[in-house]
Amino acid sequence: DWLMPALDGIALCKRIRAAALPGGYVYLILLTSKTEREDRRAGLAAGADDFLVKPPDRDSLTERLGVAERILTMEAKLREANELLDRRRQHEIEIGGTIQRALLMARAPEANGRFEFAVMNVPSSQIDGDFFDFFVHQQGVVDVFVGDAMGKGVPAALVGAGTKSYMLRALGTLLAEGDRSRLPRPVEIVQKLHDGLSEQLMRLSSFVTLGYARLDAIARTATFVDAGHTKSIHLRNADGSTETVDGGHFPIGFTEKEVYGEIVRRFDDGDLFCFYSDGVTEAQSREGELFGIERLTALLREHHSESPSGLLYRLREAVREHTGDRPLDDDFTCVMVRVGGGAVGW
């Protein structure tokens, strides 16, 4: 009834509409002696679905209950369809997670006298396009690359998987076509990937960021190629200082005309390299503050004597403390490599 003691019909309609009541939609018929158009507008604005003018007759009530039944039946069918769609979406997320684990995240090579590796991937609430892998060559040389396909969900995971596959093809093609006495340079591999994949990515309105590094334990050099990815970090064991490596190039798929270059850094025994996705530095606190590269480099400097796996654990805990109960928006992906001084192993 529109007119009731303590709580009138308009206020009751508003409360019902504001409440998260179980059982689906609540159909509201407002009983009133008010017949002005403005009164009906007020009732509809409050959440009423229909009106009955006092005194109500049985036929009018039956007609309105028939309308209510049809609407509630349709609402229940729509709710069932949405629940089915949600289940399908959840299944898609599970498929995407399987794709990530099976195709996008690699196992780190075994530790040896020349390198020690640690990797970590913490999935966010959404399927992401993060990926990483290693090419282990002869003569103490290993290539490390970390990438991120634009977007979320299964499409991003598929683009990431396709990029990894094309990377292997690019390396294989260069090895087959080139001088077999030398390895293809990192810039040649990334350029080959770009030249073969950019047009397809642009047709898909997608792109991929990539950080590629070759660590050569014989020459004591690290060669970087940046394709719009997060800045790689070089931690020097001698004094605990850090420097970032940023090539300033576009991601793969941004333009067909990009020409990539290399950046070469010398390293010493005990130095550490950190490669990561933006899910690390862009993890947000409850107040929206980013974790940031400054916190990351400060943590590496403070604990530079620890093992790569120990540093990864400290980093994950620092990000967890920063975000609190806020879920990760992007996957947390990080690869750390410590340079050893031995002469054993590959």
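Rings of Phe, Tyr and Trp (the six-membered ring in the case of Trp) were taken to pair if their centres lie within 6.5 Å, with planes under 30 degrees apart counted as stacked, those over 60 as edge-to-face and the rest as tilted. On this basis Phe 115, Phe 117, Phe 132 and Phe 134 form one aromatic cluster. The structure is a predicted model, in which local features need pLDDT of at least 70 and side-chain atom pairs count only at pLDDT 80 or more, whereas totals for chains, interfaces and linings use all residues. Residues are numbered from 1 along each chain as its sequence is written, and side-chain values use heavy atoms, with hydrogens and water left out.

A search of the whole structure returned 10 aromatic pairs. Among them is the edge-to-face pair of Phe 117 and Phe 134, with 5.5 Å from centre to centre and 80 degrees between the planes. Helices (H or I, at least four residues) and strands (E, at least two) are DSSP runs numbered from the N terminus; Phe 117 belongs to strand E3 (residues 115–122) and Phe 134 to strand E4 (residues 130–136), so the pair ties together parts that are 17 residues apart in sequence. Both Phe 117 and Phe 134 are buried, where buried means under 20% relative accessible area, exposed over 50% and partly exposed in between (1.4 Å probe, protein chains only).

Strand E4 also contains Asp 133, which is buried at a relative accessible area of 17%. The side chain of Asp 133 makes a polar contact with the side chain of Lys 164 at 3.1 Å, a polar contact being a pair of N or O atoms within 3.5 Å of which, within protein, one must be able to donate a hydrogen and the other to accept it, while residues adjacent in sequence count only if both atoms are side-chain atoms. In helix H4 (residues 153–177), which includes Thr 173, a polar atom of the Thr 173 side chain lies 2.8 Å from the backbone oxygen of Arg 169. Thr 173 is partly exposed, with a relative accessible area of 24%, and its C-alpha atom is separated by 28 Å from that of Tyr 276, 103 residues apart along the chain.

Charged groups were also found over aromatic rings, the criterion being that NZ of Lys or CZ of Arg is within 6 Å of the ring centre and within 35 degrees of the ring normal. Lys 34 lies over the face of Trp 2, at 5.5 Å from the ring centre, and the charged end of Arg 316 is placed over the ring of Phe 332, 5.5 Å from its centre.

The largest pocket has a volume of about 270 Å³, and of the 18 residues that line it the closest to its centre are Asp 148, Gly 228, Thr 230, Asp 278 and Glu 282. At least two lining residues are supplied by each of strand E5 (141–149) and helix H6 (278–281). The lining divides into 5 nonpolar, 6 polar and 7 charged residues, where Ala, Val, Leu, Ile, Met, Phe, Trp, Tyr, Cys and Pro count as nonpolar, Asp, Glu, Lys and Arg as charged, and the others, Gly among them, as polar.

Most residues other than glycine have a negative phi, and most peptide bonds are trans. The peptide bond from Lys 54 to Pro 55, by contrast, is cis, with omega near -10 degrees, and Pro 55 lies in the loop between strand E2 (50–53) and helix H3 (58–104). Ser 205, although not a glycine, has a positive phi of about 55 degrees; Ser 205 is located in the loop between helix H5 (186–203) and strand E6 (208–216) and is exposed, with a relative accessible area of 57%. A positive phi, near 60 degrees, is likewise found for Arg 220, in the loop between E6 and strand E7 (221–227).

The loop between helix H1 (9–18) and strand E1 (29–32) holds Gly 23, which counts as exposed at 66% relative accessibility. The C-alpha atoms of Gly 23 and Ala 176, 153 residues apart along the chain, are separated by 65 Å.

How values were computed. On a 1 Å grid over the protein atoms alone, a cavity is a set of points where a 1.4 Å probe fits but cannot get out, and a pocket is an open set with protein on both sides within 12 Å along at least five of seven lines; lining residues have an atom within 4 Å of a point. Grid points are joined across faces, edges and corners, and a volume is the space filled by probe spheres set on the points.
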